[in-house]
Amino acid sequence: MASAVLALSLASSAFLVHTVDQLRDSTSPQEMLYVSSPKLLKRLSLGYEGLLADIYWTRVVQYFGGTHSRGGGTYKLLWPLLNITTQLDPHLIPAYEFGGTFLSAKPPDGAGAPDLAIELVKYGIQNNPGDWHLYYDLAFIYYDLRDYRHSADAFLKGSQIPGAHPFLKIMAAQMAEHGGDVATARMMWTTTYQTTHDALIRANAAAHLRALQVNDDIMILERVVERYRVQTGRFPESFSELEAARMLNGIPLDPMGKPYELEGGGRVVVSDPADLPFIEKGLPQGYVPSAIPRLVPTN
Amino acid sequence: MNNRIFQIAINTFREAVRDRVLYNLIAFALLMSGAAVLVGQISLQIERLVVINLGLTAVSLFGIVIAIFIGIGLVSKEIDKRTLYTVLSRPVRRWEFISGKFFGLVGTLVVNTFFMAIGVFGALAYVSHHLERSDGWVLLALYFIVLQFMIITALALFFSSFSTPIFSAVFAFCLFVIGSFAGDLRNFAAMAHGATRWLASTAAYLVPNFSALNVISGVAHGQSVPLQLVVLNTVYALVYTAAALSGAVLIFERRNLK
């Protein structure tokens with residue numbers, strides 16, 4: 001009798017917990033931080049601030065991932081959570097890298113707060129003066145803001161740290177001379193892709209590199225289409241016509257391996273824009289980009 | 001004399017084992033196994049850091065709780081069960097009794113810490129697939145944790161020599177908390193004036209300096225610990241423990257046990 005009551009009680013309590021959780025999700029405020037003072041948390045940790053920092057870092061990742069999967073937003077809690085994490089453990093480097101990327105990114109991809117991103121990374125540099133990666137992160141934030149002078153300055157300072165990657169010096173020079181060029185953008189995203197260990201940041205960098213490739217491809221393909229129009233007096237209806245006219249070797253494919261398409265008026269477009277966030281050219285007419293860019297995992 | 005202290009220590013250890021104190025290792029093993037498996041999926045890039053922080057924090061907290069809750073009962077239980085009179089009626093001096101109890105509980109905690117250390121290194125090897133040279137500093141952090149245990153055990157014995165078990169637990173826990181803020185207390189004393197400064201300074205130097213014995217965060221990041229700090233912390237822990245035990249002996253020798 002007692003064991004039956006025990007089993008029934010446990011099953012009922014599990015069901016009730018699940019029901020209450022669902023009710024709280026829809027009625028309670030989504031974004032709340034009960035203790036927002038890093039100093040107070042440090043004192044409450046009784047000297048175990050390392051573990052508390054790890055718990056808050058886990059919370060940062062889950063908060064960002066959860067908000068992102070629900071359609072993104074302004075990520076109001078991202079800065080307070082990252083601030084607490086880094087105040088508790090100033091040597092937690094992944095927090096600065098993550099914060100530098102997603103605090104500065106515009107909503108719905110990030111918090112849209114580049115000033116806070118700069119403040120966070122500078123705090124990281126102050127506490128970890130021997131880590132050149134943080135200078136790279138800072139330079140990238142400035143680059144995104146089109147502040148090429150400060151970006152070059154950050155690259156230069158980073159290059160002076162013993163053990164810094166040689167490309168930092170190259171990037172300092174490149175930024176100083178050609179900050180706004182596509183070649184510079186490609187170099188920045190390539191080095192981000194190659195140096196980060198964070199899967200989300202790597203996927204983000206890959207998506208930007210694919211977007212740059214699409215922009216280049218479409219520019220070239222539209223020139224070919226224009227050449228065809230000048231020769232024949234009309235726009236081609238498909239790439240097969242261009243192939244038949246020996247202006248192309250095969251049907252051109254986008255970075256995701258899907259064929260480009262031709263719209264009326266000689267416009268070259270991608271077949272699945274959802275796979276290629278951040279592209280500026282090649283969007284089909286009437287296409288509305290999703291609020292959440294689809295970041296494809298990449299190796 | 002040494003034989004009497006040793007016998008009391010051995011009996012104290014046996015009592016702790018009989019009281020199933022070492023069963024906390026089961027909870028610890030479950031915690032570390034769970035952490036080792038889950039941490040890679042939820043913590044993102046800081047698996048080693050989490051395992052070291054979690055493991056060492058658990059070793060420290062489990063041990064502090066055991067030190068306080070067993071320590072406060074070491075003397076009072078003997079009085080309640082009337083076994084103390086039997087012990088003291090042998091040629092066992094009161095200070096030998098206190099010393100034996102102290103060494104017995106510290107011995108229990110050292111054994112406990114040893115098995116927990118195996119668990120921590122096991123979890124670390126699981127998440128990293130190998131151990132690195134910098135993991136050696138984890139042993140030093142564990143040594144400092146054992147020094148913390150010595151101090152808190154001596155304090156629990158000190159309070160239990162004149163107070164009830166509940167108040168002994170409260171006082172010992174309060175000193176643990178205040179000792180974690182010892183650095184802040186000294187900073188406050190430096191900024192204060194007059195009598196407040198005098199009182200704050202006295203308190204700051206009287207409370208145990210647990211903050212200096214906590215190197216978990218640094219060790220988790222692979223930072224080395226200076227030899228000077230190791231030597232100074234060891235001497236400090238020995239001196240403070242001796243002071244607390246001397247206080248316990250002084251009070252216990254004057255206590256009327258009737």
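User: What do the angles between helices run between here?

Analyst: In this predicted model, angles run from 0 to 180 degrees between N-to-C directions, with axes fitted to C-alpha atoms over the stretch in contact. Helix H4 (residues 78-88) of chain A and helix H5 (residues 93-102) of chain A pack at about 160°, their axes 10 Å apart.

User: Why is H4(A) called roughly antiparallel to H5(A)?

Analyst: Angles over 145 degrees count as roughly antiparallel. The angle is about 160°, so H4(A) is roughly antiparallel to H5(A). The crossing of the two is left-handed.

User: What makes the contact of H4(A) with H5(A)?

Analyst: H4(A) brings Leu78(A), Leu82(A), Thr85(A) and Thr86(A). H5(A) brings Ala95(A), Tyr96(A), Gly99(A) and Phe102(A). By class, 5 are nonpolar, 3 polar and none charged.

User: Why is Gly counted with the polar residues?

Analyst: Gly is absent from both the nonpolar and the charged list, so the class left for Gly is polar. Gly99(A) is one of the residues of this contact.

User: How do you know that H5(A) is mostly covered?

Analyst: A residue is buried if 20 or more other C-beta atoms lie within 10 Å of its own. In H5(A), 10 of 10 residues are buried. Among them are Ile93(A), Glu97(A) and Gly100(A). The cover includes H3, H4, helix H6 (114-127), helix H7 (132-144) and helix H11 (199-232) of chain A.

User: What makes up the contact between chain A and chain B?

Analyst: Chain A gives 17 residues and chain B gives 20. On the chain A side, helix H3 (residues 49-69) supplies the largest share, 7 residues. That side divides into 7 nonpolar, 5 polar and 5 charged.

Notes:
Residues are numbered from 1 along each chain as its sequence is written. Chains are lettered from A and ligands numbered from 1 in the order in which they are written. This is a predicted model: local features need pLDDT of at least 70, side-chain atom pairs count only at pLDDT 80 or more; totals for chains, interfaces and linings use all residues. Helices (H or I, at least four residues) and strands (E, at least two) are DSSP runs, numbered from the N terminus. Angles under 35 degrees count as roughly parallel, over 145 as roughly antiparallel, 65 to 115 as roughly perpendicular and the rest as oblique. A crossing is left-handed if the near helix is turned anticlockwise from the far one by less than a right angle, and right-handed if clockwise. Two residues are in contact if their C-beta atoms, placed from the backbone, lie within 7 Å. A residue is buried if 20 or more other C-beta atoms lie within 10 Å of its own, exposed if 12 or fewer, and partly exposed in between; C-beta atoms are placed from the backbone.
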